[in-house]
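Please take a look at the structure below, and let us walk through it together.

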Amino acid sequence: MAAPRRAWLVFGFSTEEAAGEPGPGPGPRRLEPGPGGIRRVWPAWSYVVVETGAGLEVQSAGQRRRLRGWSEALPSETHLVLRGATVARAWRRGAGLGAPAWSRALPRGLPWQPLPLLPGGFATPRPPFYTTLPAGLRARRLALGNEHVLVLGANGELHAWGGGRHGQLGHGTLESEAQPRLVEALAGVPMRAVAAGGWHSASVSEAGDLYVWGWNESGQLALPCKALAEERAQGENAGAGTAALTPHREQPVAEAAAFISIQALPALLDLPQEPEVSEVSCGSRHTAAVTRGGELYTWGWGKYGQLGHGDTTSSDQPQRVEHLVAEGLWAEAVVCGPWTTYVCVQEPPGPQCVPSPPAACSEDPAAARTSPSPTLPSAPQDRTRTDSAAPD
Amino acid sequence: MAAPAEAAAPAAAPAVSGALWAEVWALLPGTEEELTLALSGEVDDCVQPLLRRARGLLYGAAGRPCGEEAAAALRRLGDILRDYSWEKLNAGPWREISKAWRQVYTYGCLFGALAEVAAGRPVAPAVRLCDMGLLMGASVLDNVLARLVRVLQRQLPREQRRGAAALAAEVRPEGPDPPRRPPLPSPRGGGSAGPALAAAGPTTVLQSVWTEPRPAPAVRPEDALPRLRCPSLEHFRDNYLIPQKPVVLEGIMDHWPCMKKWSVDYFCQIAGCRTVPVELGTRYTDEEWSQKLMTVSDFISQYIVNEKSVGYLAQHQLFDQIPELKEDINIPDYCCLGEGDEDHITINAWFGPQGTISPLHQDPQQNFLAQVFGRKYIRLYSPQDSENLYPHESQILHNTSQLFCFFIG
């Protein structure tokens with residue numbers, strides 16, 4: 001039986017355009033697999049770090065650069081944080097990989113946690129690079145927004161802190177919080193995943209329910225968005241070129257109460273046909289979710305094609321990415337960059353095969369090692385890797 | 001009578017675009033090297049290559065309007081620069097946003113507006129882009145956006161006239177017209193309209209939709225503020241400013257041009273196509289309160305003339321954005337008595353229908369309120385009473401009282 005082939009597709013803003021060059025269009029684009037395929041991706045705005053069979057690689061406009069000896073990345077436009085077996089470092093972008101701007105030794109023997117989590121705290125791809133976490137938090141996962149931080153704890157509880165002006169903390173106010181604070185509204189619902197966008201947040205419960213909160217200015221919460229409704233209405237009011245001068249027509253704008261600009265408490269989001277959600281990821285102003293049935297749904301800001309529907313319209317309603325369905329691709333994982341959506345897909349199997357279940361993304365490193373070599377686990381997931389190579 | 005709102009203005013013929021382009025081009029430095037793209041601080045590394053590429057597209061055509069492809073690429077770069085910097089502008093409290101990021105946003109607006117002109121498209125969207133840069137950006141190239149928008153506005157008179165005529169047509173009321181009094185004085189009595197309007201006198205048409213203004217609330221004599229006619233600077237300072245006693249000063253504005261010139265028509269004419277921030281909702285402490293950007297014409301037609309719901313052009317530095325209006329007002333001499341120098345004087349405009357409410361609040365600076373037309377009811381409390389006025393606990397509303405003030409009558 002042929003092993004299922006996996007590939008990463010990307011929709012949205014290209015690294016070429018980020019460099020000011022003509023772009024290849026909104027996608028979908030297929031990431032070049034490199035040696036041994038791509039296992040995980042960590043996208044920034046103008047570049048992406050990928051993990052191939054041969055280690056980490058930075059991909060930017062037309063350039064690929066190996067980063068030997070590192071296992072994980074946390075990129076931003078100002079700095080790149082890399083983590084190896086014994087140390088984590090940060091370099092200023094554009095300064096090469098010479099003297100790091102920050103370095104921290106990592107004690108061995110501790111259970112692995114994915115970046116941004118580090119022993120005792122978490123990393124940020126900008127100063128101060130490392131911040132301690134209260135030990136009692138028992139952080140399992142951590143997500144960074146533009147101004148806020150979300151932590152998923154051992155029992156599925158969420159803590160949120162940082163800037164809260166857009167309701168992204170989920171505490172029901174617009175106040176900021178200096179210290180981790182429990183998201184009380186979700187206290188009774190154990191979560192298994194958490195994601196942070198620019199100014200919004202999302203989490204998936206153990207039962208596969210999706211919760212969203214924060215800023216809805218482009219429909220990224222899949223709640224009615226006034227700006228989008230007006231755009232749609234204007235589009236229907238046949239093209240007057242001088243839109244700014246056309247006297248306001250009486251638009252049937254629904255009650256003001258129906259539009260939501262900020263959702264300061266987590267809200268349950270039902271996808272069409274209410275499937276179970278397995279993963280969620282947030283870009284600057286959009287959201288993407290993968291269901292147990294292998295479908296990808298996106299919503300929010302779409303100006304650069306990041307929603308993957310082949311156009312550049314934004315949406316305040318979750319829509320399935322039909323390209324995957326049309327091509328028979330099974331979505332396994334999704335990771336959003338600021339203006340991009342990366343999706344790991346399983347390609348249609350050969351004629352006599354049954355598609356292997358997404359459970360290949362197991363949390364048990366042993367399972368990964370015993371699987372046949374062409375099978376690549378989907379990313380991101382837990383994998384303890386023994387890095388023998390010394391970091392650069 | 002008035003022509004109904006017309007369909008899309010035809011795309012400008014190349015000849016018009018050429019003449020306009022020459023005028024626009026003259027606003028920019030002569031050579032690519034002179035357009036320094038300097039910023040007042042550090043920004044992310046990804047920004048400079050985008051700025052340079054946009055500049056290259058602009059100067060690549062050596063003074064002629066860029067070809068279609070270059071204009072499209074320039075437009076795209078404008079979008080990217082605006083969208084990228086927009087995220088920085090929203091990344092924290094406004095006062096902490098670096099000037100450099102606001103300048104990047106301005107460049108995004110500049111390149112976007114230039115791309116619209118280069119492509120020969122209608123000018124109004126380019127005007128809006130300039131306004132976005134003026135509202136949210138920071139000056140670059142010696143405030144090039146203000147100079148650019150002036151040039152572009154001159155292209156609009158014909159289109160604007162059409163827009164304003166349609167505005168007049170739209171407010172024609174259905175059904176019988178009971179006699180009503182307009183709250184805004186018409187500058188020309190019942191006579192002909194301003195030059196911008198081709199239809200019959202707007203006063204006649206607009207009059208019918210304005211509702212009877214509420215009677216002014218009664219003020220007890222013991223509560224009334226003292227009124228002085230043109231006191232000396234020293235008298236004002238010693239008797240009112242220093243002891244922090246409010247006072248009404250009369251006669252100061254008598255000769256300001258705005259007293260004769262300002263009207264709804266005048267605003268439409270001077271600034272109808274300009275984009276301004278409008279507050280929607282009864283008061284800013286309400287949950288449904290929001291802000292929206294719209295043109296002055298739209299604001300007037302939706303919230304001044306028709307009054308479907310409350311919209312208030314409030315606390316906006318309109319005179320920085322539209323310098324022509326600044327020439328209609330003066331800065332009272334008394335302002336020089338304040339702390340700090342002239343740079344610390346900010347001038348805000350307040351333009352709204354009846355029924356706007358600003359909740360009880362405290363401003364960080366001393367204020368003069370200059371009422372040009374209409375009227376405003378103001379109730380003042382001493383700062384010593386602050387605790388008794390229950391300021392909100394939240395940081396955002398800490399300068400605002402939790403109390404409603406209802407006026408009687």
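A:Ala222 sits in the loop between strand 20 (210-215) and helix 2 (226-236) of chain A; helices (H or I, at least four residues) and strands (E, at least two) are DSSP runs, numbered from the N terminus. A:Ala222 is not a glycine, yet its phi is positive, about 60 degrees. Most residues other than glycine have a negative phi, and most peptide bonds are trans. A:Ala222 is also buried, with a relative accessible area of 17%; buried means under 20% relative accessible area, exposed over 50%, and partly exposed in between (1.4 Å probe, protein chains only).

Before we go on, please keep in mind that this is a predicted model, in which local features need pLDDT of at least 70 and side-chain atom pairs count only at pLDDT 80 or more, while totals for chains, interfaces and linings use all residues. Residues are numbered from 1 along each chain as its sequence is written, chains are lettered from A and ligands numbered from 1 in the order in which they are written, and side-chain values use heavy atoms, with hydrogens and water left out.

A:Pro128 is in the loop between strand 12 (121-123) and strand 13 (130-132) of chain A.

Another loop of chain A, between helix 1 (15-18) and strand 2 (29-30), holds A:Gly23. This glycine is partly exposed, with a relative accessible area of 37%. Leaving aside residues up to four places away in sequence, A:Gly23 touches A:Ser14, A:Glu16 and A:Glu17, where contact means heavy atoms within 4.5 Å. A:Ala61 is 38 residues from A:Gly23 along the chain, and their C-alpha atoms are separated by 9.5 Å.

Chain A also carries an annotation from a record. In the model, residues 156-207 of chain A are 0% helix and 44% strand, and the end C-alpha atoms are 12 Å apart. Residues 294-347 of chain A are 9% helix and 48% strand, with the end C-alpha atoms 11 Å apart.

Now turn to chain B, which has 14 helices and 6 strands. Of its 409 residues, 43% are buried. Among contacts in chain B between residues at least 6 apart in sequence, 70% join residues at least 24 apart.

The axes of helix 3 (residues 68-89) and helix 4 (residues 99-118) of chain B come within 8 Å and cross at roughly 155 degrees; axes are lines fitted to C-alpha atoms, for helices over the stretch in contact, and angles run from 0 to 180 degrees between N-to-C directions. That makes helix 3 of chain B roughly antiparallel to helix 4 of chain B, as angles under 35 degrees count as roughly parallel, over 145 as roughly antiparallel, 65 to 115 as roughly perpendicular and the rest as oblique. The residues of this contact divide into 14 nonpolar, 4 polar and 5 charged (Ala, Val, Leu, Ile, Met, Phe, Trp, Tyr, Cys and Pro count as nonpolar, Asp, Glu, Lys and Arg as charged, and the others, Gly among them, as polar).

Helix 4 of chain B also packs with helix 6 of chain B, at an angle of about 25 degrees and with the axes 11 Å apart. The two helices are therefore roughly parallel. Their contact residues divide into 9 nonpolar, 1 polar and no charged. On the helix 4 side of chain B they include B:Cys109 and B:Leu114, and on the helix 6 side B:Leu145 and B:Leu148.

Phi of B:Leu141 is positive, near 45 degrees.

Finally, helix 12 (residues 296-305) of chain B is mostly covered, with 10 of its 10 residues buried. Among them are B:Phe299, B:Ile300 and B:Tyr303. After helix 12 of chain B comes B:Glu307, whose phi is positive, near 55 degrees.
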